[in-house]
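Please open the structure in your viewer and keep the selection panel at hand. The stops below say what to select and what is found there.

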Amino acid sequence: MGMHTKKKLNSIKFHVVACMLGFLMIYPLLWLLASSFKSNDTMFLDTYSLIPKVWDAVTNYRSGFGGVSGVGFVTFFINSLFVTVIGTAGCVLTSLLAAYALARLKFKFSGFWFGCVMLTMMIPPQVMVVPQYIILKKLNLIDTWMALVLPWLFGGAFFIFLMVQFFRGIPRELDEAAEIDGCGRIGILFRILVPVVKPAIINASIFAFYWIWQDFFQPLIFMNSARKFTIPLALNMYLDPNSYNNYGGLFAMSVISLLPVIIFFIVFQRYLVDGIATDGIKG
């Protein structure tokens, strides 16, 4: 009986500590949500409180959706959704093709090219913006959605590495059996290998979706017209040091901007766990 009581107490302690740590981790999100319900006048009177003294949610969300610079927030949302979906699909597809070539096809200096791809992971993305801007400027793509999508259409080194590891964990006998049955290279990839490496593809999609959705730096450099801004740039416009700062609208639209990322993660989170736990990563 004593041992049973001790185990029960340890279990209670563990869950209490886990709940406290979980609350600390989720507190910023709860604070953001609570702040979107507060009035601008009372928002910073009791900063740490999660219970608004004056509820003003309708005004905050109405002013937030009203947008800034004559552009509604829905326009910014559609811009971000378009850029993110196209960029994610293109990035994951090209990364998949590159990983398949590096992991399964035999060609000269394949190891060297794979090493070059890995070396690009050491280059800060801010450094790449300068040559990207020059190229996009010569192609007359500055201040267009293609300026935000095109850099993602050539894959990502991290995604290529992730998928290569999965491919290397798959027996080559599957490829040979498919070739005997008359399946070509593209057929082997999409019919045989893609279902096996689906966790890696979903992982890459989750990270790519998040990175593109929250990207502030590239739109800041490549875009000039407010009507073409994505959400991160639009949220920055809610604050004007020379006039009135609409903190209520800012926090309200920040909550709305988090919803796609949270929903996307919740829907595909089991694949994220599978991607970490799968034996394919041992390749």
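A residue counts as buried under 20% relative accessible area, as exposed over 50%, and as partly exposed in between, with a 1.4 Å probe and protein chains only. This is a predicted model, in which local features need pLDDT of at least 70 and side-chain atom pairs count only at pLDDT 80 or more, while totals for chains, interfaces and linings use all residues. Residues are numbered from 1 along each chain as its sequence is written, and side-chain values use heavy atoms, with hydrogens and water left out.

Select cysteine 183, which counts as buried at 17% relative accessibility, and then cysteine 116, which is partly exposed with a relative accessible area of 27%. A search of the whole structure for disulfides (pairs of cysteine sulfur atoms within 2.5 Å) finds zero; for cysteine 116, the nearest cysteine sulfur belongs to cysteine 91, 19 Å away.

Next, select residues 198-213, helix H10, where a helix is a DSSP run of H or I with at least four residues, numbered from the N terminus. Of its 16 residues, 12 are buried, so H10 is largely enclosed by the rest of the structure; among the buried ones are Pro199, Phe209 and Trp213.

Finally, select Phe73, Phe76, Met163, Phe167 and Met253, which have the most contacts inside the largest nonpolar core, a set of 68 residues. Helix H3 (residues 73-104) gives the most to this core, with 10 residues. Such a core joins buried Ala, Val, Leu, Ile, Met, Phe, Trp, Tyr and Cys residues through side-chain atoms within 4.5 Å.

Terms used
Helices (H or I, at least four residues) and strands (E, at least two) are DSSP runs, numbered from the N terminus. The expected span of a helix is 1.5 Å times one less than its number of residues.
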